Structure formats: structure tokens, C-alpha cells
Amino acid sequence: MIGPRVQEAALGLAEVPAYVYDLPALDEHVASVRRALGATELYYAVKANPDAELLRVLAGHVDGFEVSSAGEHAHVTGLFPGMPVALGGPGKTDAELRLPHHRLHVESPNELRRLLGTGLEADVLLRLNPDLPVEGAALTMSGPFGMDEAGVAECLPLFGDRVRLRGLHAHLASGLAAPQLLGLAGALLDNAYEEVNLGGGMAVSYATPESRFDWAAYGAGLAGLGRGRRLRIEPGRALTVYCGYYVTKVVDVKRVRGQAYAILLGGTHHLRTPVTKGHDQPLHVLRTGKGGVAGEPVTFVGQLCTPKDLFARNIVTSVGVGDTVVFEMAGAYAWNISHHDFLMHPKPAFHYLRA
Ligand SMILES: Cc1ncc(COP(=O)(O)O)c(C=O)c1O
């Protein structure tokens with residue numbers, strides 16, 4: 001469902017493709033997440049969407065930002081001087097290891113040695129890649145991320161007064177529901193560390209946008225597991241995905257060997273999410289055009305010269321040339337992960353709904 005405000009904004013756009021961000025909806029959503037979490041600290045993973053307008057709304061609710069590059073670090077510290085920043089990411093450069101931080105997530109014993117070599121002070125969480133079964137995830141973050149128990153053991157004797165061990169960090173998977181995440185949290189918290197960052201990865205459903213991650217159950221579960229320890233999470237997608245919309249228009253409708261296609265202005269170089277995740281991006285057709293096909297399976301594609309430029313397949317709908325198409329759930333890993341310059345189409349404008 002798209003609300004009347006978003007629909008009105010989409011229909012009022014002078015030019016498309018465009019992104020529309022619903023800032024009051026983001027504000028309300030993050031406020032409710034914050035309330036559900038109680039004492040657990042909430043950082044936002046900036047990689048999900050670094051748009052400054054969104055970050056300004058988030059900054060009113062979160063305890064800090066998780067950044068994974070010097071670029072994200074400069075962006076966030078420039079916008080919010082003094083706001084706590086957790087610096088993570090595999091393959092940090094020496095320059096990145098020198099950046100000021102509230103917490104630094106160290107990924108390997110060698111990275112810790114390079115950090116010690118800077119001679120600077122640092123407050124470290126060791127990123128653990130534990131041997132835990134992760135089931136039902138959209139993406140598991142095992143492989144090269146963080147270190148195993150032997151890597152952690154190698155790090156422990158290296159800490160001292162300047163480079164201080166504060167605790168553990170773990171981001172195990174993307175797309176897990178609250179019970180699964182709590183199961184992993186329970187296993188991870190079976191240790192002596194006083195501070196643990198449990199990462200992000202809260203599930204969102206592109207197939208059923210109205211079903212939401214159970215923040216109340218997660219917050220209550222963490223309160224039980226924490227037993228007085230300092231817990232932190234760093235979600236990205238589940239915070240911002242719902243506030244973004246990609247709006248475009250139909251330039252052609254045709255049938256090729258019986259299959260109906262709607263060809264849209266723009267393409268997945270503006271909204272790469274359905275290609276990367278292999279899903280149908282949820283959409284709404286607003287009948288501003290004419291003719292076309294009625295009540296049959298339609299595949300929605302963009303203007304790119306590649307069969308991969310697929311937004312959604314066989315969506316049963318009516319659609320004609322000139323209709324407006326609104327893709328929802330375009331607020332995370334959407335514009336910022338897209339290959340904008342492919343085919344040199346004009347870039348979309350960005351519009352912000354405000355209270
Ligand atoms: C270390 C780390 N933290 C947090 C996140 C955010 O994950 P999500 O957007 O799934 O919540 C990611 C995503 O890749 C990550 O790598």
C-alpha cells in the first residue's frame with residue numbers, strides 16, 4: 001500500500017524518474033524502533049542509505065552511526081560533529097585506522113597490529129565470525145568477515161592502555177526474523193564481554209511489504225539476554241527501506257511472444273535492488289495514461305539494453321502508456337548501490353515529504 005501523501009506527491013512530479021522520501025514516516029518508524037529497544041543502543045548502518053536528509057531524521061533517534069569507509073566517516077562527522085561513530089569494514093587502510101571514532105571494529109590480528117603501529121589511542125570491538133549455524137538468512141556474512149575464535153585469541157594479548165579492548169562485534173547475516181536473531185544473540189552473549197554489538201540484518205519482506213520485523217519481541221529478548229551488559233545493534237535496511245519510493249512512467253507497453261511488457265523511463269541503474277536480490281520490487285500502477293493491457297501478467301523493465309534490467313516479473317495488473325509507476329521499499333540499498341552512469345540517462349531528482 002502507498003499512502004495518500006505519497007500518491008499525491010508521485011502524481012504531482014513535474015519530471016520522472018524521481019525518488020520520493022517520506023521523512024515523517026521515517027521519523028515515526030525509527031521512533032517506534034527506538035522505544036522497542038529500551039536500553040539497547042541503536043546505531044544506523046550508513047551504507048544502507050547515506051542521504052543527508054534521512055540521516056538528519058535518524059540523528060534525532062539513534063545513539064550513533066556505523067560507517068564503513070573514510071568517505072562515510074567524513075560524510076557523517078561533517079553532518080553531525082560529536083555524534084558517536086563506529087568505524088567498521090574489512091580492509092581498512094592505514095588512513096582509516098587513524099580516523100577518530102567511538103568504537104573501531106577490528107577485523108583481523110594484522111589489522112590490530114597496524115592499528116597499534118599508528119601509536120594512536122583506540123577503543124576496539126573485535127569482529128567475531130563465529131562458527132554458528134545461520135539458517136533462513138538472505139545473506140550470510142561468513143567467509144572473510146571478522147575473525148574466528150583463534151584470531152580473537154591472537155588479538156587478546158596485544159591490547160594495552162592505548163588500544164583498549166571494549167568487547168565484541170558480530171554481524172552474522174542479512175534478512176533474519178526476530179526469533180532467529182535472538183537465537184544467535186543468545187549464543188554470542190554466552191561470553192564474558194561487557195560490551196557486544198550484535199550488528200544489523202533485521203528482515204524486511206519485499207514480497208509482503210506490510211509484514212514488519214518484530215522490534216518489540218527483539219527489544220524484549222535482548223533485555224533478557226543482556227543481563228546488565230552494554231548491547232548495541234546497527235541495522236540499516238530495516239530502518240530506511242520503507243521511506244523511499246522510485247517513481248517513473250510507462251513509455252511503452254507491448255507483447256512479445258505472448259508476454260506483456262511495460263517499459264519504464266529509467267531502469268535498474270537507478271534502483272538496483274531487484275537485480276541484486278533477484279526479487280520483484282513491489283509496485284503500484286497509477287492510471288494516468290491510456291490503453292495498454294488489462295488484468296494480465298506484466299513484466300516491468302527499464303530502458304537499459306540488457307535483459308537484466310528487470311524490476312518485476314509477471315505482476316497481474318492493468319497498465320498503459322503514460323501510467324505512473326511507484327516502486328515502494330526503495331529507501332535502502334537502492335539509489336546508492338546502483339550503477340547510475342550506465343547508458344548516460346538523466347539522473348532522477350530527489351523529493352522529500354516533510355511534516
Ligand atoms: C557490519 C555491518 N553492520 C550492519 C550492516 C547493516 O545490515 P542491514 O542493512 O541488513 O541491517 C551491514 C550490512 O552489510 C554490515 O556489514
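Modeller: Leaving aside neighbours within four places in sequence, Val293 is in contact with Val253, Ala260, Val298, Ser318 and Val319, where contact requires C-beta atoms, placed from the backbone, within 7 Å. Please note that this is a predicted model, in which local features need pLDDT of at least 70, side-chain atom pairs count only at pLDDT 80 or more, and totals for chains, interfaces and linings use all residues. Residues are numbered from 1 along each chain as its sequence is written.

Colleague: Which strand does Val293 lie in?

Modeller: Val293 belongs to strand S15, residues 290-301. Strands here are DSSP runs of E with at least two residues, helices are runs of H or I with at least four, and both are numbered from the N terminus.

Colleague: Is Val293 exposed or partly exposed?

Modeller: Val293 is partly exposed, because 17 other C-beta atoms lie within 10 Å. A residue is buried with 20 or more such atoms within 10 Å of its own C-beta, exposed with 12 or fewer, and partly exposed in between, the C-beta atoms being placed from the backbone.

Colleague: And how far is Val293 from Arg255?

Modeller: Their C-alpha atoms are separated by 9.2 Å, and the two residues are 38 apart along the chain.

Colleague: Which strands does S8 pair with?

Modeller: S8 runs parallel to strand S6 (residues 122-127), joined by 6 bridges, and also parallel to strand S10 (residues 195-197), joined by 2 bridges. Pairing requires at least two DSSP bridges between the strands. Asp123 has Arg164 in S8 as its bridge partner, while His169 is partnered by Asn197 in S10.

Colleague: Which residues are buried in helix H3?

Modeller: In H3 (residues 52-59), these are Leu54, Leu55, Val57 and Leu58. Seen down the axis, the buried residues fall within an arc of 160°, so they line one face of H3; the arc is taken over directions from the helix axis to the C-beta atoms.

Colleague: What do they pack against?

Modeller: The buried residues of H3 pack against strands S1 (18-22) and S2 (41-45), and helices H2 (23-37), H4 (70-79) and H10 (237-240).

Colleague: Lastly, how is the protein divided into domains?

Modeller: Domain 1 covers 8-13 + 242-353, and domain 2 covers 23-241; the bounds come from an automatic or database domain assignment.

Notes:
Contact = placed C-beta atoms within 7 Å.
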